[in-house]
Protein chains: 4
Amino acid sequence: MNVNIIRAARAVLHVTDLEKSKAFYEALGFIETEADEHAVYYRGLEEHVHHSLVLKKKEQPAVECISFKVMSEEDLHSLAERYEREEKTVRWIEKGEEKAIGKAFRVQDISGMPIEFFAEMETQERLLQRYDLYKGAKVQRIDHFNCQVSDVKNTARFFQQTLRFKCSEYTIDDAENLWAIWLHRKPNVHDIAVMNGKGPRLHHIGFWVKDAMNIIDACDILASLGYGNKIERGPGRHGLSNAFFLYLRDPDGHRIELYNGDYLTSDPDFKPIRWHLNDPMRQTFWGHAAPDSWFEEASEVLHVHTGEKMPLREPKLKQKKPEFMI
Amino acid sequence: MNVNIIRAARAVLHVTDLEKSKAFYEALGFIETEADEHAVYYRGLEEHVHHSLVLKKKEQPAVECISFKVMSEEDLHSLAERYEREEKTVRWIEKGEEKAIGKAFRVQDISGMPIEFFAEMETQERLLQRYDLYKGAKVQRIDHFNCQVSDVKNTARFFQQTLRFKCSEYTIDDAENLWAIWLHRKPNVHDIAVMNGKGPRLHHIGFWVKDAMNIIDACDILASLGYGNKIERGPGRHGLSNAFFLYLRDPDGHRIELYNGDYLTSDPDFKPIRWHLNDPMRQTFWGHAAPDSWFEEASEVLHVHTGEKMPLREPKLKQKKPEFMI
Amino acid sequence: MNVNIIRAARAVLHVTDLEKSKAFYEALGFIETEADEHAVYYRGLEEHVHHSLVLKKKEQPAVECISFKVMSEEDLHSLAERYEREEKTVRWIEKGEEKAIGKAFRVQDISGMPIEFFAEMETQERLLQRYDLYKGAKVQRIDHFNCQVSDVKNTARFFQQTLRFKCSEYTIDDAENLWAIWLHRKPNVHDIAVMNGKGPRLHHIGFWVKDAMNIIDACDILASLGYGNKIERGPGRHGLSNAFFLYLRDPDGHRIELYNGDYLTSDPDFKPIRWHLNDPMRQTFWGHAAPDSWFEEASEVLHVHTGEKMPLREPKLKQKKPEFMI
Amino acid sequence: MNVNIIRAARAVLHVTDLEKSKAFYEALGFIETEADEHAVYYRGLEEHVHHSLVLKKKEQPAVECISFKVMSEEDLHSLAERYEREEKTVRWIEKGEEKAIGKAFRVQDISGMPIEFFAEMETQERLLQRYDLYKGAKVQRIDHFNCQVSDVKNTARFFQQTLRFKCSEYTIDDAENLWAIWLHRKPNVHDIAVMNGKGPRLHHIGFWVKDAMNIIDACDILASLGYGNKIERGPGRHGLSNAFFLYLRDPDGHRIELYNGDYLTSDPDFKPIRWHLNDPMRQTFWGHAAPDSWFEEASEVLHVHTGEKMPLREPKLKQKKPEFMI
């Protein structure tokens, strides 16, 4: 029995000031598919689906869920079974309950992350060749999630063995413990990464842009609009993943990565790339250090059944960031 | 029973002057893995495998085969059976017979193209982060093959139904006949395209480059080295596929495309994009016409059993190029 | 006595449909400083002056004048004298007569081109760091004029000896006649070029853009907006000048060049670069041929005293385009 | 009497390990015109002159001089007189004494900087269109010098009034004292900038590159070669000057800026741009802070008569860096 998870598909974020958030994401070049006073639905220029990012207006910033798209409704049932075998109770969502998506379920993952799976989403006009609408960072599509979790090893085991994600790259600490891992279903570097840290928390959502110059241009445009203080890290080249990156913090502190330049990971004989946590080229190939905030701050997540914030656990591995950062 | 074809993997070309060819492909930035007086094996900067392009020194230019990588040796047998059910006799190649690859088979496809399938290839150091070795067009990896065939409809049927390729985009003529089709296994626009034309012939091999500026730079570098006359078409943007492209002719006339900028085609609900043959934006989004040679010239292919050139058949559809070109 | 001509400064074009023209130039990213039903005034993102391009609504497309800025009003008088010594009658324009500029004069140049000189223009907010307003080709500033004239040699002599322009590059025909010349006051390749051809006509106005990718992006954006048919030539690299270029035709057929990548020509010991008309790398370094229209079509110019169209004279040198074009 | 200074022309640096320095500058893409065991002469790809950077092997790192090119030998004499009127004794250098340059003089400037003026330098083949030789950062030409001086106001006065440099941009502290100033002869942002700091010291030499992507590529290439630790600051966009920049430290700590993207400053009515020292967008338009080393470290300079190191004076203005940095 296969697990036909296709790819990272959408994130549902809670934000406290919808107008402020909308100004920010529109500056970044997201396309608004639909909006009302409670929520806004964004897609990238390449996306033929209704959205890949939902912002809901709420009292407190939080992550309601991160979602993966699967091949068919049948796969949803097969996945739900796997979770229940691990004693994780899924919450079913009927078609129409969540705007634009079909039947779905949500579950608190083994790491504590609120994860959603769905097979169907309404489609929309793809704007890939409407270059006249390109602006800001010209965001093309959602690419991946990065999560801080207290037990990387256990989370990775579940994603690899049960959900059949493949590893492209990983990081070990001095004692050779697995400190972080990059896992994919679509054949690029990742649909999800998990890093050792206080968790469960969503560290960032990665969006694909079409080249490095789009990221440089985005910095100039964001600065012109007064968003210079939202640039947290970069632009730079990651050693791990080879991606050209920029990290931004939205008005509620949710972290967005603009991402380009990783590689095809289609082949079964591709050997995952191993990095030492303290290798200065791992984080930024050029040797630049990340700011402390990048390691310490992340978005808290909600319980899929209660809607309450998930309590945070300290990470299993003591080292919270590379040595040269401390 | 699945058909686990992964991707377009290598091409074996016959060239008449190995030194001349080597100078050209090295100018383009291909990495030479291995060479002797009879052949040279090239890989792109991103490739962890031994090669994706083989040039063999022979009396006459020709295409020995185009190859797809499959998941496992088991898949080879399952594919061979499918071909034999269509009364296509495969030729098995034992491990070691062809440098660096494991057990394989070759077959004259339903279109007449010589196609090879293999599961295993020796690996090599991946040079993705050896930016000091980047030169020319900084070729990253093989992406796709484009073939001229006399019967597009029948070829497409076989690739879609039997080999389980998916269609991303296609072209129809005024009578709504299928004039060309773009088919993929890896989730971007194509691993193979087939176009209506005198065939079977290999129209071009597409290699992935990392951005549009690499293609502009390649033009400057090629011109500096006296290869300006090898630029046949472009740089430009394809309407169909959205790729930024450049077409080059190697010293024997084999056509190489430098290619960047298509999109993710992972989703089962992605609806193939339909283009009219006579839409001027189909070929070049900016409206530029392709030169006649681009429609008329292509590389002849060999019979996998006899090694003789395959006879050419006239295309089933009379229109050989867009109206505005005639 | 010095001739303190600073640079190419503005062009005044007649267009037949102001709305149509405005749509086109705004798509290109020009900044509208001011407009009414009779005229529109544009500046580039880098320009601190009121405008560098004026479009006036008239019955027929034409070039009213091309203008150079000089250091001071004193220089105007000194220049007028030089023209009158050549028996060219200048027409003085008082401050306020032409919107935003100070005292000026216009004269029918030795080549027949209507040329204007002024020292003073109202200033405007420079938008160089308003990256949020960048769009289209992100036009930065006017760079140069290119004119077709019947007697290149004589025109060049006057510009070099009397107006003290310096030559950066030039083209000769097989008989070593001067076929075209690039002349500058500001230290890059040119403020004005003159080419052998039916004249006097304005071949194009060159506007500076910040890099080659802006030109690629402009092609995509123009095509998205239905202006693909306005792209006449390029993108490409000029051999002569080394510039990366794109030629566009506005709704009245006036030709605009987007231009980037020439070089500093400040040094007195820089030796002008000589090109043979029939060298295929001269026009396009990559060897691409220009379309016939690029050689044959150009904007007609008006008489500065009568406002009538200047009669056209056949070029002195018979060869009207490179050999490989014929 | 005019002062025909053309532009910043060359720097003469002392380095302690010529081989190590050569490896670094060659990685950056400088073209070696000539070298022996004592010195190496570099030029950029655009330069038609013998060199713009000289490295001499010496016991201690230092700056022997920074040089400006003037129009003619006559201008040398006129400049020497002006210095002597300020009681600055010039040291004449006869043609042939310094490799490749003609008659010259050196003088300890009013700020204490060792400055050289010359009119003539041997020429060399310009490699602008030898794209096959482009590598590293593809350095095009020398652009400017930046100096730390103890008395900015007095230095600026001399450069503006006596040497007739023009100001493009400047920085004031809270008390409206002139903290730094950008001064040019060629019409872009600067040939020399002076900043308040312990001086006289050479802060950096700026070299022009052709676009921002060349700087991104340079980071990747330098990192691949193990020079990641030589990247001190950037890549980023300067608010002041609008330039896209990268600061590197050579093996002796001399600072090199890769620089692109400033603007034309030809017009006499261009009003210098005023920045407050504590405006966070001044240094980096995106709001990034410079590292402390960027403010504190610089290259010491030699006395043009004695060859001894110039003693350092504390800056007149107390604030040594922007407030948000402290």
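## Chain B and chain D

The contact (heavy atoms within 4.5 Å) between chain B and chain D takes 13 residues from each of these chains. About 950 Å² is buried between chain B and chain D, 53% of it given by carbon and sulfur atoms; buried area is the accessible area (1.4 Å probe) that two parts lose on being put together, summed over both. On the chain B side, Tyr131(B), Asp132(B) and Ser224(B) lose the most area to chain D, together 44% of what that side buries.

Two salt bridges (a side-chain nitrogen of Lys or Arg within 4 Å of a carboxyl oxygen of Asp or Glu) are counted between chain B and chain D. Lys138(B) forms a salt bridge with Asp217(D), with the closest N and O atoms 3.8 Å apart.

## Basis of the values

This is a predicted model, in which local features need pLDDT of at least 70 and side-chain atom pairs count only at pLDDT 80 or more, while totals for chains, interfaces and linings use all residues. Residues are numbered from 1 along each chain as its sequence is written, chains are lettered from A and ligands numbered from 1 in the order in which they are written, and side-chain values use heavy atoms, leaving out hydrogens and water.

## Chain A and chain B

Chain A and chain B each give 33 residues to their contact. Together they bury about 2800 Å², 54% of it on carbon and sulfur atoms.

Six salt bridges are counted between chain A and chain B. In a salt bridge, the side chain of Lys69(A) meets that of Asp267(B) at 2.7 Å, N to O.
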